[in-house]
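Visitor: Hi! Could you walk me through this one?
Guide: Happy to, let's bring it up.

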Amino acid sequence: MKKFIWSFIIAALVIGLVPAMLPVEASAQSYYVRKVRDRRGRVRYVRVAKPSYYRRHRNRINMAIGTGGGALIGGLLGGGKGALIGAGVGAGSSALYTYKLNKKKRKYRKIRRY
C-alpha cells in the first residue's frame, strides 16, 4: 500500500511539472514583414501585426458555432434524429450568414496629403 501511495505522489509531481517544461508561447511571431510600394514606386518593407485568431479563422468559427447550436437545440427538442436535423439546419443557416449576408468587408480609405 505504501508503494502505491508513493508512486501515485511521484507520478502526480511529474505530471504537474510537465506544463512548466513547455514553451511559454506556441506562436512566437506576432508580427510579419510586408512588402509595400508607395506612390513614387519605391519598395519598403513594413512590419505589420498578425491578425487575431478570430479574424484569421472567421468562417470556420462561425460555421462551427452555428452547427453546434443547431445540433444542441435539435437534440433538446427531438433527441438523436433531431440533433442531426438541427445540425444540418444550423450549418445551412450559418453558411448563409457567413458567406452571403455578412461577408468580410475590406475598408479602403483614401489618404489625402496636401
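Visitor: Which residues is R58 in contact with, leaving aside its neighbours within four places in sequence?
Guide: Those are T98, N102, K103 and K104. Keep in mind that this is a predicted model.

Visitor: And where is R58 found?
Guide: R58 is in helix α3, which covers residues 58–101.

Visitor: Does R58 count as buried or exposed?
Guide: Buried, because its relative accessibility is 10% and the limit for buried is under 20%.

Visitor: What does the side chain of R58 make a polar contact with?
Guide: With the side chain of N59, at 3.1 Å.

Visitor: Switching topic: how many salt bridges does the count come to?
Guide: The count is 1 salt bridge. R40 forms a salt bridge with D38, and their closest N and O atoms are 3.9 Å apart.

Visitor: Why does that pair qualify?
Guide: Because the 3.9 Å separation falls within the 4 Å cut-off for a side-chain nitrogen of Arg and a carboxyl oxygen of Asp.

Visitor: What about exposure, starting with R40?
Guide: R40 is exposed, with a relative accessible area of 66%. D38 is partly exposed, at 22%.

Visitor: Now the surface. Which residues make the nonpolar patch?
Guide: M1, F4, I5, W6, I9 and I10 make a nonpolar surface patch of about 720 Å².

Visitor: Where does W6 lie?
Guide: W6 lies in helix α1, residues 2–21.

Visitor: And why is W6 called exposed?
Guide: Because its relative accessible area is 56%, and exposed means over 50%.

Terms used: Residues numbered from 1 in each chain as written. Predicted model: local features only at pLDDT ≥ 70, side-chain atom pairs only at ≥ 80, totals over all residues. Heavy atoms only, no water. Patch = residues over 30% accessible without salt bridge, like charges linked within 9 Å, V, L, I, M, F, W, Y side chains within 5 Å. Areas by Shrake-Rupley, 256 points an atom, 1.4 Å probe, with all protein chains shown as cover. Helix = DSSP H or I, 4+ residues; strand = E, 2+ residues; numbered from the N terminus. Buried < 20%, exposed > 50% of the residue type's maximum accessible area, 1.4 Å probe, protein only. Polar contact = N/O pair within 3.5 Å; in protein donor to acceptor, adjacent residues only side chain to side chain. Contact = heavy atoms within 4.5 Å.
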